Amino acid sequence: MDVLEGLRRSSKGQLRYDVNWRSTQLQECSSPKISCKYLNVIRALEDSETNDNMCKDRRLEDYEYETKEVRSVDERKNLLIARSAAHGPGYYDSTHVSIHSYEKEKKQEAQQRVEERKSLFEMHSEHLMKEKKRALLANIEEKHNKILEGIQSLQLELKNKELEVLKSQKDLELNHKKSAIRASEKVRHVEEMKQKLIEEEERNKREMSSLRSCCEQVQDIYKELVTVVKTCQYQDHLPSNTATITDEAQKVLSLSINTFSDSNALGKAVDGALQHLPEYLDIMKALLSKAKKAASEAESKAKKELAEKEAKRKEEEEKRKKEEAKKEEEKIKLQESSAKSAAVPQHLSNCISSTSFKVYTKLENLLEKTEKSFEVLSTSKDQSVKKVKLDLQRAVTTPINTISDRSPVHLMEKITKLSNLLHGQQIELSGKPFSTSVHPCAPVYCSNLVAKKIVQQGSQQVSSNHNAAFPIATVAIGIWSAFPDVGDLILAHFYKQCPFLVPLYIPQAEGMSDADYFQSLGYVCQDGEIEPRDKYLKRISGTIRLYAAIVSSLPPKGSSPNHPHGIAYGWMWLARILNLPPKADYTATAIFEFLDVAGHALLKQYRIQFWKLVLVLIRELLPKIEQITAPSQSGPVVRLKSFLEKAYRSRSMQIPEGYLSPDWWFSSGVSGIYGT
């Protein structure tokens, strides 16, 4: 404890050491170098200490501290040497010697262990070097063996490949020889096939040429057969089996065409084609012979019948002419006596003007004469004549009943068809050619029927559809322009169906029944019953509107630019009706319907004169009509008054709906030709 206390109190024991100092710094501080000139001072200071125990303790403390801080033996040795030199030989005691001896012994032991370890290390290193050398030699030998084995395997593989190449070369040579043999065989086979194909193609061409020739002959014979049947002028006299012949011919034609088409599609004759087509040709020739024979028989039969009919007709015609001559003489005598007395009968003096009466009488006589001229056709009981009359009616009514404003081309087709019929040209009727040459009276009958059917469209169509008046009027104008005699018949039928268009107010004569009187006005009377007044007014309204449409419409494109019955006749009609005493209902209805359709054309033509005429109608005619009209029947006069006053105030007349303007005619390229 004394040693430790001494050491603590020493200068070094009072020092503070940092544990993080580097070991070199610690060594420098632990063993400072002391100069020789300071040794005497240090000894003097150390001798002044009187207490040996304290010195011992301090030496022991210094020793422990130094041994603790200085770890290496060399440092302690140097320290001891330094202190021994400083304090003298008596400074160190037995403890120091023991310590030194122990250190020396330990150092020797350590040196011995180091030597042993070194020798062991050298032995071990030598052993490792031997083992490494031995392993290296073994590795080299193994690699060398592997290289030798690889070289041997490569040599063996090359040898095998050489054998395989030689074998494959031999196989290729063998295959080449076989391929050359096969190729030569194929070339020979191809040449043979090519030759066969050429021969077959030539044969097919010859066969197809033969088939085509047969098929064309069949078609030509069929066309000739159809022409023979269709161009036969006596269709009604053809035998009943004629249709069967045509059907069989068509079937044979279809079979021929189908057989040839199948062969043509295949490029060669189908099975049986070379046999069947010549058979079809023979069958078609036989059918043609039958058709020619049937046409010849029909012609001879028809000529025989026509000769008989002609003889009969001539007999009837002579008889009719004698009767007509007799009636004509009587009529001439009557006209001469009537002309001498007065132009208009006394009982009609307030009902029609003299000029109108002359026109009316002329047209009435024309219509009567025309109707008598075809009495043989219209009253015949012969079935063949009846069939002719029925065909004539169908040829006329079909185009007239289908008139519409669909297009200009449509109207021109109707006009052309009717014109061709009236010219005596052939038209198609139910798929067959037809003309008015079938009967001597057919042309006159058709002319009258066309005029009658056109006028009837007014009461049948226009009365319920006002727009229909204009396309019908256009067709009427086209026919009227090309056939003035038909136009006279149209006007005659207008006057017969509606006397107010003359204008003519037929009075009821003494002894005339109501049925006869109303029938003369245009009423429909059946079984003594007279149709209602409203229905009658509606019918004559349609007739008047159709007449007004005719006088106010433009001639159709392609016809004569001169209207055959234009707006001047409408002005004349209005002037004549103003000069006659009005009739309740009839006058107001006729004027309203006429002006509603033709008013715009009258205004365009006569301008100021037209308004003067309207003013006369308002101021003079309307009061007269109102005086004779019962309050219960004032509808027509009120409607006319309102219409005239409105037009006069606005100084305008509306173009009626459905009017065919010039723009409508130029909406499609049309060139009309009426017959030849």
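A charge is taken to sit over a ring if NZ of Lys or CZ of Arg is within 6 Å of the ring centre and within 35 degrees of the ring normal. In the predicted model, local features need pLDDT of at least 70 and side-chain atom pairs count only at pLDDT 80 or more, whereas totals for chains, interfaces and linings use all residues. Residues are numbered from 1 along each chain as its sequence is written, and side-chain values use heavy atoms, with hydrogens and water left out.

Arg651 lies over the face of Tyr648, at 3.9 Å from the ring centre. Arg651 also lies over the face of Trp611, where the distance to the ring centre is 5.8 Å.

The structure holds 16 aromatic pairs, defined for rings of Phe, Tyr and Trp (its six-membered ring) with centres within 6.5 Å; planes under 30 degrees apart count as stacked, over 60 as edge-to-face and the rest as tilted. The ring centres of Phe610 and Trp611 are 5.2 Å apart and the planes stand at 65°, so this pair is edge-to-face. Both Phe610 and Trp611 are buried (under 20% relative accessible area, 1.4 Å probe, protein chains only). Ring pairs also link Phe500, Tyr505, Tyr517, Phe518, Tyr523, Tyr536 and Tyr586 into a cluster.

Helices (DSSP runs of H or I, at least four residues, numbered from the N terminus) H12 (residues 408-422) and H14 (residues 469-482) have axes that come within 10 Å and cross at roughly 35°; axes are lines fitted to C-alpha atoms over the stretch in contact, with angles from 0 to 180 degrees between N-to-C directions. In contact (heavy atoms within 4.5 Å), Leu411, Lys414, Ile415, Leu418, Ser419 and Leu422 of H12 meet Pro471, Thr474, Val475, Gly478 and Ile479 of H14.

Note on methods: Helices (H or I, at least four residues) and strands (E, at least two) are DSSP runs, numbered from the N terminus. Buried means under 20% relative accessible area, exposed over 50%, partly exposed in between (1.4 Å probe, protein chains only).
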